[in-house]
Amino acid sequence: MMNPKFKNVFIRVLRRWVFIFLGLEILAFSLLGTNFLSLDTLQNILVSSTTVLLLAVGETFVIITGGIDLSVGFMVGFTGVVCAKVMVTLQAAGTTQAMAIAVGIAAALVVGLLPGFINGVLVAHLKVPPFIATFGMYGIAYGCAEIICNNVPIHDLPSAVGPIGHGFLFFWVPGKLFRTFVEPSGLSSIDLKHLVSLVPNLFLITVVFTLIFGFILARTRFGRHTYAIGGSIDAAERAGIDVKRHLVKVYMISSFFASLAGVGYVLRYITGRAPAGSAQVLDAVVAVVIGGASLYGGKGSILGTFVGAMVLATLVLGLANLALPTYYAYIAVGCILIIAVLIDQFSPELVHKED
Amino acid sequence: MEPILEVRGITKRFGGLVAVDNVDMKVYPGEVVGLLGDNGAGKSTLIKMVSGVYCADAGTIFFDGKEVKIDNPMQALKLGLETIYQDLALAENLDVYSNIFLGREKLKRFLGLVKVLDHSYMLTESRKVLNRLEIEVPSLRNRIRTLSGGQRQAVAISRAIYWDAKFLIMDEPTAALGVAEQKNVLSLVRTLSSQGVGIIIISHQILDVFSVATRLVIMRRGKKVAERITADTSPDEVVGLIVGSIPGDVPNGDGSDVKLSPVGASHAG
């Protein structure tokens, strides 16, 4: 028999295999690729991970309760279209850019809560299986988005949208200047060469919400109840938890994150498109699962999901860096997913001998 | 003295099946009442209406002298009415102390702003209550999944007694326990009753019930068929009442006595 202390250390490491995997991944691409280990590439990874990461954070809550939210895919497009449409309409009506952008974002975030509310009611009160309820909503969101945008992508957004979506928190020319948020203008070409842009805005927004909800899941009563419902819905109910209400909130969190992703899409691509995000929904589920969650519920963490999303983003950009076709990424993601589930199934339980 | 709990004419139907049919029952403070009956007699359904898991289709519940509506488990818990369920109802993915405090977590302020879980408080308090039961659980940070049946039962019991219940319902509290542990639980029942807690105990171990209960209520096929003072009856009579070989005091609705037939006997407890 293995020494129990050693065994627990082993289990802990095994459970966090995805951290090690991410490290190895970055190491491998750095050695094999060209200029992979650079600030630009790493920040590219962060930016390109934002859609999947946002969807995955919301999805983590849903999956921990034992459900799944497929609607988030087209929710990105739906809320993105709402956001873009409101911005364009307000701009045409002559409001200031700041106003148009702020109201557009707020509208998307508010409207985005509704599908989550409906999902939650369907799942919790009307006992519709989550897969069906949210898959139905997936279609509804897409259809509504196409109606709103009249089947054409919405362009001509306020001109400040691009700089926000492509901006950074810090701009720094070593030894010369340091700015937050506003890109310095009128720099000489030499200074421009030395300009370091740090922390992309989109990633900053994503990380702020990820941290807040990671805290909620890990440290608060709401988080604890989320795990309890996934562990045993009967136990949660009999312990006096209002399970139905809780589930509605969880599905609303998921659609809120989809709306954030929708807004992020508009800021990044400066357009609102109905099909946006549909390709990311499964990536989000994969990120959650390789981050240690179980589709049976009761398990998972935001930190794990974060690393899971980074593994995926690193893989895609790393393969691109190696000039390998994207279909290799599908094979790799498929393998990682299966390995993740196998490790989850066969890793033993952590048993403490004393408090 | 007023009963702490009284149910009058309580009824529960599942489709065409009447699981509990017009049952009356009283429990006084400090009294231990044994609720007995065969599988499918309606014992668990009856207590689930009291604990808020099921809503009664008819009948009234009085608690502490007042008529109460118990529509969900939280209302029962708020009244001081705790239940240990036959299936224990634990979240297996959570650790011991999280289960003991589930739904009633102890919180503390984080940076003076948000309320977060107070793990160390819950851990120490859980340790105290488990020690009372003298059942060894190595670490309260272990998930329920890793525990033995007896340890799980101890957690379920601890959860119920931690909150200073006025009333305790125990559905098969000793089923998963070894002999020594069963003794602990039964002596705990006596201690709680001496403190004035009203208790309903359901168990297939008739001798256990005889050793702690002062009064027995016997159910058969959804109906209360007899009520006995423990000192005035014998296990043989009670078994006869349970299986129907001795006719009960209360006739069936149609005036005939209960005949053994599979109809209606299929619904679990």
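Two residues are in contact if their C-beta atoms, placed from the backbone, lie within 7 Å. The model is predicted: local features need pLDDT of at least 70 and side-chain atom pairs count only at pLDDT 80 or more, while totals for chains, interfaces and linings use all residues. Residues are numbered from 1 along each chain as its sequence is written, and chains are lettered from A and ligands numbered from 1 in the order in which they are written.

**Exercise 1**

Find how many residues chain A and chain B bring to their contact, and which elements of chain B take part.

Step 1. Chain B gives 29 residues and chain A gives 25 residues.

Step 2. In chain B, α2 (73-79), β7 (107-110) and β8 (114-117) each supply at least two residues of the side that touches chain A. Helices (H or I, at least four residues) and strands (E, at least two) are DSSP runs, numbered from the N terminus.

Step 3. That side of chain B divides into 17 nonpolar, six polar and six charged residues. Ala, Val, Leu, Ile, Met, Phe, Trp, Tyr, Cys and Pro count as nonpolar, Asp, Glu, Lys and Arg as charged, and the others, Gly among them, as polar.

**Exercise 2**

Explain why chain A is as compact as a globular protein of its length.

Step 1. Chain A has 16 helices and three strands.

Step 2. The radius of gyration of chain A (over C-alpha atoms) is 22 Å, close to the 20 Å that the globule rule (2.2 Å times the number of residues to the power 0.38) gives for 355 residues, so chain A is as compact as a globular protein of that length.

**Exercise 3**

Describe the sheet of chain A and the helix on it.

Step 1. Three strands form an open antiparallel sheet in the order β2-β1-β3 of chain A. Strands pair if DSSP finds at least two bridges between them.

Step 2. β2 (177-180) and β3 (196-200) of chain A are at the edges with a single partner strand each, so one side of each lacks a neighbour in the sheet.

Step 3. β1 (residues 168-173) of chain A pairs with β2(A) over four bridges, and A:W172 stands opposite A:F178 in β2(A).

Step 4. Helix α10 (residues 201-219) of chain A packs on the sheet, touching β1 and β3 of chain A. The direction of α10 makes about 35° with that of β3(A); axes are lines fitted to C-alpha atoms, for helices over the stretch in contact, and angles run from 0 to 180 degrees between N-to-C directions.
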